[in-house]
Amino acid sequence: MIKFDFETYMKEFDNRHDYQIKVNKIKDKLEVSGDMNDWYDLDKCVPSEVLSDILDTSAFIRQNCDVFLVIGVGGSSLGARAITEAFKPYFEDKHPEIIFLGSSLSSSYLEELIEYIKDKEVIVNVISKSGSTFETNLYFDYLYEELKKKYSKEELNKRIIITTDIKEGSLRELVDQKNYKSFVFPTNIGGRYSVLTVVGLLPIAVMGIDIVEIIRGARELNKEVAFDYAITRDLLYKDGKVVESFTIYEPKLLSFVEWIKQLLAETQGKNNLGILPVATLNTGDLHSLGQYYQEGSRILFETVINIDDSTDITIDKYNKKLDSINRIVANQVAKSHQKDETYSNFITLDRLTAYNLGQLIYFFEIAAATGAYLLEVNPFDQPGVSDYKKLVARELEKGE
Ligand code: PA5
C-alpha cells in the first residue's frame with residue numbers, strides 16, 4: 001500500500017480546479033492509442049506470450065551464468081537498475097550477479113570488468129531501441145569480441161540476448177544474421193517509459209523479483225493521484241519552484257530516484273521549460289544540502305519517498321523502532337522546511353515490495369507525461385539528447 005499526501009507540508013493553492021478541463025483532455029489523449037503512448041495501456045506493455053517468454057528466459061539465465069551483463073543507456077537500463085538495486089541485499093552476494101554497463105565511458109571500469117568476468121560464466125542482454133546508441137554499441141562490440149574468444153559459436157548463441165526494435169538498426173541486423181535470442185522493444189513505447197515492458201522486466205525477473213506483482217501493482221494504481229501530483233508540480237513551478245528534490249531516507253531507493261530524474265528531465269526539460277529533478281539522500285544530506293533547502297534560494301520543493309516499515313530493530317534509548325525514528329525525522333524536516341517555504345509532497349510505502357514499486361513506476365510515468373502536456377511540450381521526444389550525439393559522431397569520424 002502507498003499513501004500519497006500532497007497537502008500536509010504543501011502550500012495551499014486555491015486555483016487547483018482551473019486544471020480540470022485541461023487534465024480531462026490529457027486523460028483523453030492518453031487513453032487513445034497514439035504516438036508513443038502504449039505504455040499507458042498495461043496490456044500493451046506485456047502481452048501474455050511475452051510475459052511467458054520473459055519468465056522462461058529469466059529462468060534459463062539464472063541457471064546458466066554467474067554474471068548477467070545488461071548493456072544499455074538511459075531509459076534502456078535505468079528502470080531495471082532502479083528495481084534490482086531496491087531489492088539488492090546490502091551485504092550478501094546475489095547469484096547471478098547483475099552488472100549494468102553503458103552509463104559512462106570509463107576505461108578503467110571496462111578493464112576491471114573484463115578481468116572480473118574472465119573466469120565467470122556470462123550472459124549478455126544488450127538493450128537499445130534504436131540499435132544505434134553510441135555508448136551501448138561501443139560496449140557491446142567490445143564485449144562481443146571478448147566473448148567470441150571465450151565461447152564457441154553454439155555457446156555464444158545461448159549467451160547473447162538482444163532487445164531492440166522489431167525491424168530497424170544494427171542490433172536487429174545482428175539478430176537476423178546470427179539468429180540470437182531477441183525480444184522486441186515495443187514500437188510505441190520510448191526508453192524512459194519501458195520499465196514495465198520486456199526492457200525492464202527481463203533483468204528484473206533474472207534477479208528473482210516477482211514481475212507479476214510489479215504489474216499487478218501498476219494495474220491497481222488509482223491514476224487520479226498521479227494527475228493530482230502533476231497538478232501540484234505545475235502549480236509549484238508556476239509559483240517559481242523550478243527544482244524538485246526527490247528526497248529519500250533509504251539508500252536502496254537511490255537508483256529509483258535516478259530513474260525518476262531521467263524520466264522527468266527528458267520528458268519535460270525542453271523549450272526552456274521544466275522543473276530540474278535532483279536527488280537527496282537523508283539523513284546524510286541534512287548535513288549538507290539541508291542548509292540550502294532551509295535557507296537558500298526559494299526555488300525548490302521536495303517530493304519525499306519514504307518506507308514506513310522495514311525491520312523490527314528498536315532503539316532502546318528512545319523506546320522506538322528505528323523505522324519510526326526515521327519517519328519522525330522525515331516529518332520534522334518537512335515541517336521545518338515548510339516554515340521557510342520549501343514545501344514537500346509525501347509518498348509513503350508501507351513496505352518495499354514489488355507491488356508497491358510497480359505502482360510507483362506507473363504513477364511517475366503518468367505524472368511525467370501529464371506534466372509535459374501541461375507545459376505544452378512533447379513528453380516523448382528528447383531533441384536535446386540527439387544534438388550532442390551528432391557532434392560526438394562528427395568528431396569521432398575525423399580520426400586521430
Ligand atoms: O528515454 C529515452 O528514450 C532515452 O533515454 C533512451 O532510452 C536512450 O537514449 C537510449 O536509447 P536506445 O534505447 O535507442 O539505445
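**View 1. Composition of the shell around the ligand.** By class, the shell around the ligand in this predicted model comprises one nonpolar, nine polar and four charged residues, where Ala, Val, Leu, Ile, Met, Phe, Trp, Tyr, Cys and Pro count as nonpolar, Asp, Glu, Lys and Arg as charged, and the others, including Gly, as polar. Ser76, Ser128, Ser130, Thr133 and Gln262 come nearest among the 14 residues around the ligand, a residue being near if one of its heavy atoms lies within 4 Å of the molecule.

View 2. The ligand taken alone exposes 380 Å², of which the protein buries 91%, with accessible areas from the Shrake-Rupley method and a 1.4 Å probe.

**View 3. The two domains and the ligand.** The domain assignment, which is automatic or from a database, gives domain 1 (2-32 + 221-384) and domain 2 (38-212), and the shell around the ligand draws at least three residues from each of them. The C-alpha centres of domain 1 and domain 2 are 29 Å apart, and 30 residues of domain 1 are in contact (heavy atoms within 4.5 Å) with 23 residues of domain 2.

**Notes.** Residues are numbered from 1 along each chain as its sequence is written, and side-chain values use heavy atoms, with hydrogens and water left out. In this predicted model, local features need pLDDT of at least 70 and side-chain atom pairs count only at pLDDT 80 or more, whereas totals for chains, interfaces and linings use all residues.
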